[in-house]
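Open the model in your viewer and keep the selection tool ready. We will go from stop to stop, selecting a few residues each time.

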Amino acid sequence: MAARLLLRTSVRAVTACRLAPVASFTRGMAAGGVPTDEEQATGLEKDIMRAWKKGNDPYSIFKPKEYAGSKQDPHIVPSVTHQRMVGCVCEEDNTAVVWFWLHAGDAQRCPSCGAHYQLVAHELPH
Ligand SMILES: [Zn+2]
């Protein structure tokens with residue numbers, strides 16, 4: 001909002017004074033207005049934006065999906081190795097976390113509540 005107000009004010013000032021516009025000002029306006037975030041992004045930020053458009057989440061930024069935890073719909077645990085330590089808060093109000101190792105292969109059950117967890121291979125984006 002403040003940027004638009006500043007832009008309008010500067011446009012009015014330039015047109016009222018009939019001065020030659022500044023070079024950087026004309027570049028943004030020549031392209032049709034203020035550049036978008038995608039047009040300004042470079043490097044890693046640009047790679048992340050491309051991945052989001054494809055529906056990918058290479059850096060686990062999105063909220064994880066929710067699973068039922070049953071044998072047919074186990075909690076999916078991504079891992080770059082063949083095992084991973086998993087903490088299960090068995091019930092919503094529990095203050096203790098049950099920790100156990102999850103190994104590659106079939107789904108495993110939490111030793112306390114019996115919820116199913118499945119380890120899946122995950123490759124790092126770089
Ligand atoms: Zn549990």
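For four tetrahedral donors, the ideal angle at a metal is 109.5 degrees.

Before you go on, note that this is a predicted model: local features need pLDDT of at least 70, side-chain atom pairs count only at pLDDT 80 or more, and totals for chains, interfaces and linings use all residues. Residues are numbered from 1 along each chain as its sequence is written, and side-chain values use heavy atoms, with hydrogens and water left out.

**Stop 1**

Cys88 and Cys113 link distant parts of the chain, 25 residues apart. Cys88 is in strand β2 (residues 83-88), and Cys113 is in the loop between β4 (108-109) and β5 (116-121). Strands (E, at least two residues) and helices (H or I, at least four) are DSSP runs, numbered from the N terminus.

Now show the surface. Is Cys88 buried or exposed? Cys88 is buried, with a relative accessible area of 3%. Cys113 is partly exposed, at 37%. Buried means under 20% relative accessible area, exposed means over 50%, and partly exposed lies in between (1.4 Å probe, protein chains only).

**Stop 1: the strands**

Select β1 (residues 75-79) and β5. The two run parallel, joined by five bridges. Two strands pair if DSSP finds at least two bridges between them. Find His75: it stands opposite Tyr117 in β5.

β4 and β5 pair in the antiparallel sense over two bridges. Here Arg109 stands opposite His116 in β5. The hairpin of β4 and β5 has six residues between the strands. Click on Gly114 in this hairpin: it takes a positive phi near 90 degrees.

**Stop 2: the salt bridges**

How many salt bridges does a search of the whole structure find? It finds three. A salt bridge is a side-chain nitrogen of Lys or Arg within 4 Å of a carboxyl oxygen of Asp or Glu.

- Select Lys53 and Glu38. Their closest N and O atoms are 3.0 Å apart. The pair links distant parts of the chain: Lys53 is in helix α4 and Glu38 in helix α3 (residues 37-40), 15 residues apart. Lys53 is exposed, at 63%, whereas Glu38 is partly exposed, at 42%.
- Select Asp47 and Arg50. Their side chains meet at 3.9 Å, N to O. Because they are three residues apart in helix α4, about one helical turn separates them.
- Select Glu66 and Lys63. Their side chains meet at 3.6 Å, N to O. Glu66 is exposed, at 65%, and so is Lys63, at 68%.

**Stop 3: a nonpolar patch**

Finish with Leu44, Trp52, Tyr59, Ile61 and Phe62. They form a nonpolar patch on the surface, with about 480 Å² of accessible area together. Leu44 is found in helix α4 (residues 43-53) and is partly exposed, at 49%. Patches are made of residues with over 30% relative accessible area and no salt bridge; like charges are joined within 9 Å, nonpolar side chains (Val, Leu, Ile, Met, Phe, Trp, Tyr) within 5 Å. Accessible areas come from the Shrake-Rupley method with a 1.4 Å probe.
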